[in-house]
Amino acid sequence: MSTMTVPKLQAMKASGEKSVCIVAWDYQMARIADRAGADVVSVGDTVGVNLWGQRDPLEITFDELLVVARSVRRGVTDALLSCDFPFGPLQAGEAVPAAIRLVKEAGVDLVKLDGAADFPEAVEAVTRAGIPVFAQFGITPQTALKYGVEYSAAHTARVPDDMLEELVSEAKRLESAGAVALNFTNSGPVVGPAVVQAVSIPVLGGFGGGPWLDGRIRMATAAIGYSAKWLDEEPDTYANVARVAYDALTACIDDVRSGRQIRGGIPVDKQ
């Protein structure tokens, strides 16, 4: 069980304290994020795109995501653990059975429903089953086409300012349905603050989020620069793990080919 709780997370909004959600996809990164002080660790459905080389986040299956969630659960002791639904269970009317599987088989604390504003009855049903819902809305991987946005461009898009009333209404509908927190993706500085003020539950955001929300969601891999693309581009991140890994592996390969071997930073022939 996590030491962070839903009431504690909601109290952070009331006190004006920003909450932080880190997206992780394996035990090691989850453990690091948990020890670093994340309030929520989230298993995102974009694992297929960001770690496995898939082209579209809709490719990920429920069973694949379940395996990832189990791994992450082993690394999280203090933060709340959230897991996305992949595309399918929510749209097919299977939200409750899917949520139950994530809780029973992976031990998640929250289930994150992408495009939840279109399925308030599912939010209500999962909540009645005793499972907290982290409801995602805005321009998301599963709803981008609704806004006329290709997934590849979703990270730079922003919900139109003239949709303020509609999106505030969606946020209120999700809160009324029982959601314990909202993930407002691509909110922007106009609609974002309006939604934050309209609901009493925390509103966090990833793409398009900022200081106008109650907190941020950030992929661990993005924060630390763990992507092969950063070998050729200057990363806008807190570190460049891709470069560090490349340099270390290059040195390892050179040592093996030249007959050297390093263990614990010391040449083997001197141990």
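N186 counts as buried because its relative accessibility is 0%, where buried means under 20% relative accessible area, exposed over 50% and partly exposed in between, with a 1.4 Å probe and protein chains only. This is a predicted model, in which local features need pLDDT of at least 70, side-chain atom pairs count only at pLDDT 80 or more, and totals for chains, interfaces and linings use all residues. Residues are numbered from 1 along each chain as its sequence is written, and side-chain values use heavy atoms, with hydrogens and water left out.

N186 sits in the loop between strand 6 (181-185) and helix 8 (188-198); helices (H or I, at least four residues) and strands (E, at least two) are DSSP runs numbered from the N terminus. The phi of N186 is near 60°, a positive value in a residue other than glycine. Most residues other than glycine have a negative phi.

The protein has 10 helices and 10 strands. Of its 271 residues, 49% count as buried. Among contacts (heavy atoms within 4.5 Å) between residues at least 6 apart in sequence, 58% join residues at least 24 apart.

Helix 4 (residues 62-75) contains S71. The helix has 14 residues and reaches 20 Å from its first C-alpha to its last, close to the 20 Å expected at 1.5 Å a residue; the expected span is 1.5 Å times one less than the number of residues. Its buried residues are F62, L65, L66, V68, A69, S71, V72, R73 and G75. They pack against helix 2 (27-36), strand 2 (40-43), helix 3 (47-50), strand 3 (80-84) and helix 5 (95-106).

S71 counts as buried because its relative accessibility is 17%. Leaving aside neighbours within four places in sequence, S71 is in contact with D26 and Y27. A polar atom of the S71 side chain lies 3.0 Å from the backbone nitrogen of Y27.

Helix 2 also contributes to the second largest pocket, giving 4 residues, the largest share of the lining. A pocket is an open set of points on a 1 Å grid over the protein atoms alone, with protein on both sides within 12 Å along at least five of seven lines, and lining residues have an atom within 4 Å of a point. Of the 17 lining residues, V20, I22, R218, A223 and Y238 lie nearest the centre of the second largest pocket. Strand 1 (19-23), helix 2, strand 8 (215-219) and helix 9 (220-224) each give two or more residues to this lining.

Methods. Polar contact = N/O pair within 3.5 Å; in protein donor to acceptor, adjacent residues only side chain to side chain. 1 Å grid on protein atoms, 1.4 Å probe; cavity = no way out; pocket = protein on both sides within 12 Å on 5 of 7 lines; lining within 4 Å.
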